[in-house]
Amino acid sequence: MEHLPVHCLDLPALYAVTAKSPEESCAQVFREARRTCPSVIYLPHVVQWWSACTETMKATFLTLLEDLPSTTPILLLATSESSDESIPEEIDELFRTKFQVKYPTEAERKEFLKELIIHQAARAPPRKKKAATRALIELPVAPAPEPKGMNQTELDRLEKFEESQLRELRLFLRDVVSRLAKEKKFRVFAHPVDPEEVPDYEEVVKKPMDLATMMSKINMKKYTCAKQFLEDIDLICSNALEYNPDRNPAGWYSSVFQ
């Protein structure tokens, strides 16, 4: 029964809250007991409790008990230090089961406390260092967990998410390339080099690149990350420096693309 909620219905519980009448406090205890079923309603010093209550309070208490359904799992538990003759008849009729607990004798108290006071108190407390010096059991290394497989629904969801991310990347890269192509200083890189105008360009530059080619790669979904896009930007710069070695690489590169 230790796990059951206990609702105490003693005199302080009835008169502690001045904003409520004793009858309201009693009804509140019964409501809480029914809400937390199974539970216990505890009446300590029931004889003094009954004699201190008013007639209205007694009638309220008895009515609340009668209104409890017979199947409600609520235990009414009361204690009394008085003899059976002094218990009021109304209270005595409420309890079918009664237990009489006798006070322990002096010999019984000594026997009960001997183990606690004489033996356990005189025993030295356990040493913590002893537990620390014990050899630890060497446990085998647990195998690595197998990777969790994905079902078809999860694969479809992942594919849609990745496609959404790539779509946003393509929109961003298109905007970057369009802005570069509109800039006057980048127009020389907007289209592939015409071999008729620069016949020896393909002999010097082995891997040409330009903004129009990059836009085509964006539309063809060739870029799967920003790193690939930046590599082509660097390729345009390195090609220009390779074909024009007389230009200052650091100054020209920083002024054009950085």
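Helices (H or I, at least four residues) and strands (E, at least two) are taken as DSSP runs, numbered from the N terminus. The structure described is a predicted model, in which local features need pLDDT of at least 70 and side-chain atom pairs count only at pLDDT 80 or more, while totals for chains, interfaces and linings use all residues. Residues are numbered from 1 along each chain as its sequence is written, and side-chain values use heavy atoms, with hydrogens and water left out.

By this assignment the protein contains 12 helices and 3 strands. Its radius of gyration, taken over C-alpha atoms, is 45 Å, whereas a compact globule of 258 residues would have a value near 18 Å; the globule rule is 2.2 Å times the number of residues to the power 0.38. The C-alpha trace spans about 125 × 60 × 40 Å along the principal axes. Of the 258 residues, 23% count as buried, where buried means under 20% relative accessible area, exposed over 50%, and partly exposed in between (1.4 Å probe, protein chains only). Accessible areas come from the Shrake-Rupley method with a 1.4 Å probe, and for residues only the protein chains shown count as cover. The accessible surface of the protein comes to about 20,000 Å², with 57% belonging to carbon and sulfur atoms.

A contact is defined by heavy atoms within 4.5 Å. Among contacts between residues at least 6 apart in sequence, 67% join residues at least 24 apart. The side chains include 35 positive and 41 negative ones, and the centres of the two sets lie 5 Å apart. Lys and Arg count as positive and Asp and Glu as negative, with His and the chain ends not counted; the place of a charge is taken as NZ of Lys, CZ of Arg, CG of Asp or CD of Glu.

Confidence was examined by pLDDT, the predictor's confidence in each residue, from 0 to 100. The protein averages 84, and 91% of the residues score at least 70. Among the elements, helix 10 (residues 211-219) has the highest mean pLDDT (93) and helix 12 (residues 249-256) the lowest (47). Over residues 250-256 pLDDT stays under 50, and the model has 11 contacts beyond four places in sequence for this segment. Where pLDDT is low, the predicted coordinates should not be read in detail.

Backbone geometry was considered next. Most residues other than glycine have a negative phi, and most peptide bonds are trans. A cis peptide bond joins C37 and P38, with omega of about -10 degrees; P38 is found in the loop between helix 2 (22-35) and strand 2 (39-43). H45, in the loop between strand 2 and helix 3 (46-52), has a positive phi of about 50 degrees although it is not a glycine. At 41% relative accessibility, H45 is partly exposed. K221, in the loop between helix 10 and helix 11, has a positive phi near 60 degrees and is partly exposed at 48% relative accessibility.

Two helical residues complete the description. Q28 is placed in helix 2 and is partly exposed, with a relative accessible area of 25%. Q28 lies 14 residues from L14 in sequence, and their C-alpha atoms are 9.8 Å apart in space. N239 belongs to helix 11 (residues 226-243) and is buried, at a relative accessible area of 4%. Not counting residues up to four places away in sequence, N239 touches Y201, V205, K207, P208 and M209.
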